[in-house]
Amino acid sequence: MDNTNNEVYIDLRQLFTLLVRKSWLIAVISILCAAFVFLWTYFFITPQYEADIKVYVNNSSLSLGSASFSISSSEISAAQSLVDTYVVILNSRSTLDELVTRTGLDYTSEQLGKMIRAESVNDTEIFKVTVTSPDPEDSTKIANAIALVLPAKIADTVEGSSVRIVDFAQVPNHMASPSYTKNTVFGFIIGMLLSSVVIICLDLFNSSVRSEAYLTETYPDIPLLTVIPDTAPGKEYGYYKKHGYYKKSRYYAAYTKQDGGEAR
């Protein structure tokens, strides 16, 4: 990072090198986050099961005696628009109260309304009613109760319309949510992003002098007078302690503790 003339320059190649060097730390944090999200999902999120029925909507009679009639596009559009009306009837208080009475389950009408979702299937005259519940048996029982209650409710409310059940609900074998795989992958990605951001921020806001190149690049107008040699072990011209000896480059004599510092 270069802040000459109050301007900040970020070397993307340097940041990429930093992330590669810290890749082991990013991997560890990502795995820990993924494990945390998986355990949280497994122990603290209640599994949900979905059961659905399919209903056919019709707003006109297709036959009269032995004569049959074709459906016009306007009639199909009218049938599709009735789906929204039927959804309102389905979520009405009277319908929900009747579902509570018919199923005999320990749900209020408000709770039952939050469990039911209805939508059109590919913009056709068929709409699907889905019931979500922590108990697969409850979701199936409620969905099939809707199949019995809804046609009569619609016939009493909308004149000239009819509803037929296409599919009844079956007990779901697999939970609809949560997805352990999806949540674990999401936790891994979040851990990777957060750890990368923290590492980059710590590096960008680190104002300590870390190399000669940092000084010359950051302050090009100020002359560099001297550099203190690196004292890390293994440096050829540095100072370090090894096997009881204090060594100073290959051009100087070695000093020992025993001789009191006298050169040999």
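Which elements of the protein chain have the lowest and the highest mean pLDDT? Strand β2 (residues 63–64) has the lowest, at 36, and helix α2 (residues 23–44) has the highest, at 96. Here pLDDT is the predictor's confidence in each residue, from 0 to 100; helices (H or I, at least four residues) and strands (E, at least two) are DSSP runs, numbered from the N terminus.

This is a predicted model, in which local features need pLDDT of at least 70 and side-chain atom pairs count only at pLDDT 80 or more, while totals for chains, interfaces and linings use all residues. Residues are numbered from 1 along each chain as its sequence is written, and side-chain values use heavy atoms, with hydrogens and water left out.

**Confidence along the chain**

Begin by colouring the protein chain by pLDDT: its mean is 78, and 72% of its residues reach 70 or more. Next, select residues 61–73, where the pLDDT is below 50 and the model has 10 contacts beyond near neighbours in sequence. A contact means heavy atoms within 4.5 Å. Then select residues 236–264; the pLDDT is below 50 there as well, and this stretch has 41 contacts beyond near neighbours in sequence.

**Salt bridges**

A salt bridge is a side-chain nitrogen of Lys or Arg within 4 Å of a carboxyl oxygen of Asp or Glu. By this rule the model contains 3 salt bridges.

Select Glu50 and Arg117, whose closest N and O atoms are 3.8 Å apart in a salt bridge. Glu50 belongs to strand β1 (residues 49–58) and Arg117 to strand β4 (residues 116–120), so that the pair links distant parts of the chain, 67 residues apart. Glu50 is partly exposed at 33% relative accessible area, and Arg117 is partly exposed at 38%. In these terms, buried means under 20% relative accessible area, exposed over 50%, and partly exposed in between (1.4 Å probe, protein chains only).

Move to Asp52 and Lys54, which form a salt bridge with the closest N and O atoms 3.8 Å apart. Asp52 is partly exposed at 28%, as is Lys54 at 26%.

Now select Lys153 and Glu98, whose side chains meet in a salt bridge (3.8 Å, N to O). Lys153 lies in helix α6 (residues 136–157) and Glu98 in helix α4 (residues 93–103), so this pair ties together parts 55 residues apart in sequence. Glu98 is partly exposed, at 30%.

**Cysteines**

How many disulfides does a search of the whole structure find? It finds 0 disulfides, a disulfide being a pair of cysteine sulfur atoms within 2.5 Å. To finish, select Cys33, partly exposed at 24% relative accessibility, and Cys201, partly exposed at 35%.
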